[in-house]
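Subject: Structure handover

Hello,

Here is the structure you asked about. Please open it alongside this note.

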Amino acid sequence: MPNERPTSRVLAMLELLQDRPGISGRDLAQRLGVGERTVRRYAAHLTDLGIPVSAERGRYGGYRLPPTFRLPPLALTDKEAAAVVLGLLSGLPHGLPDGSAESALAKVNRVLPKPVADQVTALRDTLTRTPPPDETAAPDPRIALDLATAARDRRRVRIAYQSWRGETSARDLDPYGLVLHGSRWYVTGLDSRRAGIRVFRVDRVRSLQPAADPRATEPPPGYDPAAQLTAALGEVAGRHRVRVLLHTTLEQAARRIPPAAATLVQTAGGVLLETRAERFGTMAGYLAGLGCPLTVHHPAELREALARLSDRLASSAASGGRDMGPVRGR
């Protein structure tokens with residue numbers, strides 16, 4: 001629509017003008033994904049907002065802000081500033097791509113009132129963190145935002161999704177909502193390939209674009225994305241996190257362990273199994289039934305349960321009991 005002025009792109013143009021004075025209209029159009037006529041309209045919109053954007057023609061021309069122009073200080077109360085900073089700092093351990101959390105924190109700090117900025121610096125300098133429980137792949141922020149927008153606007157999207165096996169497939173998705181669980185982002189929605197509601201990890205979405213038919217279905221009445229995720233995390237879900245290294249191949253492990261029961265990741269030493277358990281004895285029996293050597297990384301209680309089970313199996317080996325293979329702890 002000719003009068004449309006997407007706020008996010010206008011703000012992105014302002015950021016580019018601050019970082020690259022004299023940037024050409026062609027470069028702005030390419031970076032913003034719009035035409036040069038739209039760039040001129042965005043420049044006029046910024047001028048209407050009191051931000052003087054000048055455009056100069058010629059070889060050394062381009063769009064720029066006056067050298068003395070500065071954005072007004074960010075109007076945040078002390079509590080609001082603390083909330084923003086704590087949110088950014090909490091994202092730093094999870095490897096957000098391209099240093100986005102660090103750069104955002106630096107920009108926020110530059111426009112804060114000096115007393116609050118000093119406190120932010122003190123927090124940053126004195127804050128320490130324990131190591132994350134496991135490695136977490138951060139989602140592409142652009143894809144996460146596009147999924148959220150599509151869910152809000154009820155628009156169908158076409159995604160390329162990489163499974164835990166490393167296979168990439170394309171599908172249409174009607175996103176219903178995003179869920180942050182632990183340190184991982186998930187999106188729930190109607191999957192065209194399965195003709196049912198499914199859960200996808202956002203960090204495994206490799207690309208996203210509008211679907212051929214953008215009209216999305218409505219979620220079922222009372223639909224709860226978080227409840228959908230909880231149900232999809234596996235039948236063996238429980239209070240205790242379990243991490244076990246299976247000394248076998250990914251193909252063999254996948255034949256015995258359904259995707260809903262656990263996450264399987266190929267590593268140099270074997271297949272890392274991650275799941276949750278309610279009772280260690282039950283989980284020990286489940287692992288013994290896989291019939292392959294294994295190393296328990298976490299928790300210690302599971303190692304003890306496996307040791308007890310191994311002792312019982314060893315005592316009954318003469319009568320036809322089976323051996324699960326060597327069980328090690330770490």
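Below is what was found in it.

This is a predicted model: local features need pLDDT of at least 70, side-chain atom pairs count only at pLDDT 80 or more, and totals for chains, interfaces and linings use all residues. Residues are numbered from 1 along each chain as its sequence is written, and side-chain values use heavy atoms, with hydrogens and water left out.

Overall picture. The protein chain has 11 helices and 12 strands. Helices (H or I, at least four residues) and strands (E, at least two) are DSSP runs, numbered from the N terminus. Of the 330 residues, 36% are buried. Buried means under 20% relative accessible area, exposed over 50%, and partly exposed in between (1.4 Å probe, protein chains only). Take contacts (heavy atoms within 4.5 Å) between residues at least 6 apart in sequence: 59% of them join residues at least 24 apart.

The cores. A nonpolar core is a set of buried Ala, Val, Leu, Ile, Met, Phe, Trp, Tyr and Cys residues joined through side-chain atoms within 4.5 Å. The largest one has 27 residues. Val-244, Leu-246, Ile-257, Leu-264, Leu-287 and Leu-302 have the most contacts inside it. At least two residues of this core come from each of S8 (240-246), H9 (250-256), S10 (270-277), H10 (280-288), S11 (294-298) and H11 (300-315). H10 gives the largest share, five residues. A second, separate core has 19 residues, including Leu-32, Val-39, Leu-46 and Tyr-63.

Leaving aside residues up to four places away in sequence, Leu-264 touches Trp-164, Leu-250, Ala-253, Ala-254, Ile-257, Val-271, Leu-272 and Leu-273.

Val-187 stands opposite Phe-200 in S6. Four residues lie between the strands, and Ala-195 in this hairpin takes a positive phi near 55°.

Best wishes

Key: Pairing = 2+ DSSP bridges.
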